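Subject: Handover of a structure and its ligand site

Dear colleague,

Please find below the sequence and structure that I am passing on to you.

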Amino acid sequence: MVERTLSIIKPDAVPKNIIGEIIKRFETAQLKIVAIQMRHLSKKEAEAFYYVHRERPFFDSLATFMSSGPIVAMVLEGEQAISKNRSMMGATDPKKADKGTIRADFGGGIETNVVHGSDSPASAAFEIPFFFSQLDLVR
Ligand code: GDP
């Protein structure tokens, strides 16, 4: 089934000049970029994006991190895009992520883990319109 998912290259990754490397991995895996933007979130915007985690002890730290520098938000489209992106990302903690995954290769720690990806169709349905309008999505 062809799906769409939201991917974010996080603020720890942008200064490492690995935007191209990450996008190349998605394209090689037959995930198509159908929308893309670079922006610097405010802390309030980061809190709104991660609203689902508002009760977690790391919520404030996560919002501070996600607003600490520019990010690249993308919509990826392809067969099983949601689960495919999640397996390419690797586990949340880069130390526990499988070899060859994006987080294992480039992650610094459990928070500075390079990429975000929607974890379900329901998350994708919230996260894609958070960044992109219908008009932004190419078809
Ligand atoms: P993901 O779906 O793999 O991104 O993981 P989660 O949805 O559980 O967490 C969202 C994000 O919060 C992660 O990608 C990390 O950046 C951060 N995070 C998760 N767990 C922790 C933690 O225990 N401590 C801190 N500081 N950040 C965390």
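The shell around the ligand comprises five charged, three polar and three nonpolar residues. Please bear in mind that this is a predicted model. The residues in question are K10, H53, R56, F58, L62, R86, T92, R103, I110, E111 and N113.

For H53, an N or O atom of the side chain is 2.9 Å from a ligand oxygen. R86 likewise places a polar side-chain atom 2.9 Å from an oxygen atom of the ligand. In the case of R103, the separation between a side-chain N or O atom and a ligand oxygen is 3.0 Å. On its own, the ligand has 550 Å² of accessible area, and the protein covers 80% of this.

By class, the lining of the largest pocket consists of 11 nonpolar, seven charged and six polar residues. Among the elements that each contribute at least two residues to this lining are the helices α2 (43–49), α4 (81–89) and α6 (121–131), together with the strand β4 (115–117).

Yours sincerely

How values were computed
Residues numbered from 1 in each chain as written. Predicted model: local features only at pLDDT ≥ 70, side-chain atom pairs only at ≥ 80, totals over all residues. Heavy atoms only, no water. Near = heavy atom within 4 Å. Polar contact = N/O pair within 3.5 Å; in protein donor to acceptor, adjacent residues only side chain to side chain. Areas by Shrake-Rupley, 256 points an atom, 1.4 Å probe, with all protein chains shown as cover. Nonpolar A, V, L, I, M, F, W, Y, C, P; charged D, E, K, R; others polar. Helix = DSSP H or I, 4+ residues; strand = E, 2+ residues; numbered from the N terminus.
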